[in-house]
Amino acid sequence: MLSERTPVRFYQVGSFAVGNRLVELERRSAQSDPRRANSLSSGHRACAGCGEALGARYALDAAMRATRGQLICVNSTGCLEVFSTPYPETSWRVAWLHSLFANAASVATGVAAGLRATGRDVVRVVAQGGDGGTADIGFGALSGMFERNDDVLFICYDNQGYMNTGVQRSSTTPGAARTATTQAVGPQPGNAFGQGKDVARLAMAHEIPYVATATVADLFDLESKVERAMSLHGARYLHVLVPCPLGWGTLSKDTIALARLAHETGIFPVFEAEYGEVTSSVPLRHRTAVEEYLRPQKRFAHLFDKSGAVTSPDVVARIQALADRNIRRYSLVPDEDQ
Amino acid sequence: MQRQIEGSLAIAEAVALCRPQVVCAYPISPQTHIIEALGAMVKEGALDNCEFVNVDSEMAAMSVAIGASAVGARSYTATASQGLLYMIEAVYNAAGLGLPVVMTLANRAIGAPINIWNDHTDAMAVRDAGWIQLFAETNQEAVDLHVLAFALAEELSVPVMVCVDGFILTHSIERVDLPDQDVVDRLVPPFAPRQVLDPNDPVSIGAMVGPEAFTEVRYLAQLRMRRALEVIPELAERNADAWHRPPTGLIHPYRSIDATLIVVAMGSVLGTIKDVVDDLRATGVNIGALGISCFRPFPVNEVREQLRSATRVVVVEKAFSIGNGGVLSTDIAMALRDRRVTVHTVVAGLGGRPIWAASLRALFVNAAEGTLPATVFCDLNEELVERELERMTHDRSSRSLARRDRAE
Amino acid sequence: MTTPFAITLGVGSSLANKTGSWRVERPVYVDRHPPCNNACPAGEATQGWLYQAEEGNYEAAWRLIMASNPLPAIMGRACFHPCESACNRVQIDEAVGINAVERFLGDRAIDEGWTVPVSAPPSGKRVLVVGSGPAGLAAAYHLVLLGHEVVVYEAAPQCGGMLRYGIPQYRLPRAVVDAEIDRIAAMGVRFEVERRVENVADAMQRGAFDAAFVGIGAQRGKHPDIPSGDAAKVLDAVSMLHGVEEGALPALGRRVVIYGGGDTAMDAARTAQRLGAAETILVYRRTRDQMPAHDEEVCDAALEGVQMRWLSTVSRADGGRLLIETMVLNDQGLAEGTGHFEELEADSLVLALGQDTDLTLFDGDVAVDTTRGVVHVDDHQMTGHAGLFCGGDAAAGPSAERTVTAAVGDGARAAAAIDAWLAGVTLAPTVIPPLASADRLNPWYYADASRTLRPRLEAARRRSNFDEVVGGLTAEDALFEARRCMSCGNCFECDNCYGVCPDNAVIKLGPGQRYEFNLDYCKGCGICATECPCGAIDMVPEHH
């Protein structure tokens, strides 16, 4: 039977579902493994449907698999840190260190340096934080780590705002989004356009060995990027979009669905780059208009009426234009002649 | 080995003798020569098994030290002034996490106005951070204290800051006896961390602690800090035996056994003070001095003991708490609170102003005669101040300030 | 290592925090009725055997088919696969080629000589099966499996009924029919050919049968009253096809008109083409959309050169010519005559206007209701005569269709009912779960894959022979096709719930064992249900 099975490379759900009984064990996702690391274990206090909790386990389990468990994780202050380690309980199963909000990248540099100095550089280092600890307060440290090409993979779980402190704007909050500090009031409700940081591109500008983006909606893609990152040395950066039911005003069950829409609309391009050059991107499977992504999110509710009809076509068009630019920039629709 | 050497280079040599494994470098005067020298030693291979990291800020410097220390690497950095303030969050953090980082603080004033010269304001800004703070009187002591600092920090899992007067010590060249490597290796054994990040025995370091346990965490930290008051003399004695020099203990009394007037100070100014004490003793003033080598933890019992004969204490300070007064003075007053002792504060040497022996002598004489005010700014240019206050009376926004000052 | 108090914590200690108490909804695994299973008149557990085939477990897959349908190789050719019409995969790309996989499995079983062992102890009961078409074969197979002694009386010289005498060989090679009947015979069913049953009650009595199943089909072509001249050559499609099978090739002439729009009309037209007709014209009173024939058949007929005349009726037949009236659809969509006539040259007219059943074997049995020319049966295929069952084209029972597949379903259903009746017990009603509808799927997870087409004989090579037109799938293609199944409504262990839970609250029980929820930690976020590709998780309100 096996000999007949081998040539057929179609597996019912392919590599889209977490596991697949038809796929060889070694080609399955780390998440499908009943002995997976569960780097972030049960009992954590993340909201129901938390994208960041999911993203962190996905990424760290993959890193644990790639390093055969020889991993140390540094965490910046934020939701992830708060919900995982309130005394007297920790949810981490990896060696884990939290220092401050702004300094995760630097602490990770120190961990890597310390391991090298003590002859233990077989142990690999991951630093992780939210968008605040990455794009805002932690950016200086991150940029320094990139510039020195320290042997650290930094993972940003981007939920596009300061959710832990009550949903305030960060430099990754998208235009028009309502937050507690960009209220949906006045003539231009929500966050201003044209500001904010594209950290992946900033990382690329440092010409570090590896930069990638991913979402919690495409596990295999995320895992393969972590694996690729761990196969390299030097500074590496992975930016993972993690929808936040609280901050985005979405249903807890729709966390992955929204991450998927972020990709399928082109508003969040999924790609990877090496030494400053884009090397691949994940094409859209079902190109979708941005309003399908915006509509389920209460932070964009001011763009729609009660029936879901667009009431701010100019704003939606502006967001659509951003998505279209991503589609062109990263060739997300390969056949599109643009 | 006796060498005629710049203070910064002597400190760098002493640090190198302690075999640091990670050295974080960010330039700021007046500590820069230290990390430059260490960088050169690492680069040329004189200091091996050491990672020298050129970081992007002082915040990163302390953070890298934290990360390195958490995986069991002996970590060192140096800073001063604004740099210390820029890393202050990480300074607290290293102490909170119980990581035995050693840092040299080349004491310098804090702006604005920006000022690169020496005073103790920077050290005072972090006195509550949970670090052990040792003050060197001379470059020899600076060398000896650095060797002690590594052993002390690792013994207690508490970070140690060695405070050295910027320029006055860091940039002065004098004879220093640098210990031999084998001696230092004996005094500073390999780092055996209390806790270490290990993938094979993982823990979570840096948990969030709420009201239910935060007080206990702080109370335990206090106990550990107080323990330093026993460990420092032990280490100082042991080190002194090894290198045949007087111990660098908690305090340095000078002719204070029977003195009724005792001058208390920290750092290099003690040299000048001792000269003045000798001078006044010769004229019959019953004066002595007390150097505080260990400012945090504050050696209350030792200070009380050494000040038992005093009826009047003059604290010469290179810092003060604006709106109140001397910082060290407050600690001295606390230590003497059940005694009938008058405590004066002499604020001197701010922003690098020279502290002249003649000025001190005049103040101490006043003290002996009972005419010294509670708080004095040494060598204050009163004419300048008068002129400025006068100008302020014509400036509506400053008028009330000028009036109040005159009323006092 | 003596860790500092409170600041440093031992790994995984959060397991002490049971976040399940947060939950307002809980997930539950459900099994839904797949649309393919639901649509199968033969009652096949289609999704179940596809599941086996996905793993390359072809024999297991075949045995699952055999649990309901004893004729996979035949069905893989002759079935009009309502399962595929119902398949949810249409929402993604195209329906799963279930029929092709079934044929692959059926053919492989014949090649490998797989058999079904009879393990039931002999019941001591004798059951008569009248007719060896698909209904009779299915009934006989299931009855013999249940331990009964089964005798099949077949009027024709060979077994198979319409499988042999109705469906042309280019659609269903006779070797396949023989192989599957032989397999049933080898199980102990006794076939007696050229044994016409004149009266079923007598036959039961004479043969000491405890029960009987009648599956005699509808073998008589309908002859509507079309005025015909003496010289006109008019015959019916059933007789024509029967004749072809027996080697009595009808002389149809160069120009043949087939009158009718059902599958039998297509069979007759395509057969006429193969018998050498220069022109075959199909005349149908309504439009193509309204033709009852399956689209695939119509397309093949057109491809093979059959011409179609829609909205036309034959009003009169004379030697060499027909009078055709043009029709028009009225407001209700019904065809009406226009009064406009034209002539059409034709050497012969083949009537394919439906079939009737010869019900004379029930004569005198007042308990059997045969009004409107069909045998009326209850939900268990039993006639008014206790112990006498009927199914297939002859019966008007639960299945309204008149297809091979419906006949097999009738036979299987009747066998179960006969078994129960013989034992004096009542069949428990089958509980069917709610349908696994397409809106419950999360289609994103299914990899894009269009269906594998079976190879087809080129049209030019179909003219003068009865070679099978549609080929079989290779093993690789069959595997590919099986894997296109989305397992609608039933867990297929894709690990998605296990992976997407932010709280690690899904326990993986191991291959074949599926999963269970760890309600100690499940916060009830519902991601597992949203992200279940096949819709096998429901969220239900929690009652703490």
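Leaving aside its neighbours within four places in sequence, which residues is A:Ala108 in contact with? The legends below return to that residue after a short note on the model. This is a predicted model, in which local features need pLDDT of at least 70 and side-chain atom pairs count only at pLDDT 80 or more, while totals for chains, interfaces and linings use all residues. Residues are numbered from 1 along each chain as its sequence is written, and chains are lettered from A and ligands numbered from 1 in the order in which they are written.

**View 1. The surroundings of A:Ala108.** Leaving aside neighbours within four places in sequence, A:Ala108 is in contact with A:Val74, A:Val125, A:Ala127, A:Met145, A:Val152, A:Phe154 and B:Gly67, where two residues are in contact if their C-beta atoms, placed from the backbone, lie within 7 Å. In the largest nonpolar core, which has 418 residues, A:Ala108, A:Val111 and C:Ala212 touch the most other members. Such a core is a set of buried Ala, Val, Leu, Ile, Met, Phe, Trp, Tyr and Cys residues joined through C-beta atoms within 7 Å, and a residue is buried if 20 or more other C-beta atoms lie within 10 Å of its own, exposed if 12 or fewer, and partly exposed in between.

**View 2. The contact between chain A and chain B.** Chain A brings 38 residues to this contact and chain B brings 37 residues. On the side of chain A that touches chain B, at least two residues each come from strand E1 (71-75), strand E2 (95-98), helix H4 (104-117) and helix H6 (139-148) of chain A; helices (H or I, at least four residues) and strands (E, at least two) are DSSP runs, numbered from the N terminus. The largest share of that side, 11 residues, belongs to H4(A). E2(A) also pairs with strand E9 (residues 203-205) of chain B in the parallel sense, over two bridges, and within E9(B) the bridge partner of A:Leu97 is B:Ile205. Two strands are said to pair if DSSP finds at least two bridges between them.

**View 3. Antiparallel strands in chain A.** Strand E5 (residues 210-215) of chain A and strand E7 (residues 271-274) of chain A run antiparallel and are joined by two bridges, with A:Val211 opposite A:Ala273 in E7(A). E7(A) pairs in the antiparallel sense with strand E8 (residues 277-281) of chain A as well, over four bridges, and A:Glu274 stands opposite A:Glu277 in E8(A). E7(A) and E8(A) form a hairpin with two residues between them, and in its turn A:Tyr275 has a positive phi of about 50°.

**View 4. Two domains of chain B.** Chain B is divided into domain 1 (2-243) and domain 2 (251-377), with bounds that come from an automatic or database domain assignment. The centres of domain 1 of chain B and domain 2 of chain B, taken over C-alpha atoms, are separated by 27 Å. In the contact between these domains of chain B, 25 residues of domain 1 meet 22 residues of domain 2. H9(B) gives the most to the side of domain 1 of chain B that touches domain 2 of chain B, with five residues.

**View 5. The contact between chain C and chain A.** Here 49 residues from chain C and 48 residues from chain A take part. Helix H15 (475-482), helix H16 (496-500) and helix H17 (527-531) of chain C each supply at least two residues of the side of chain C that touches chain A.
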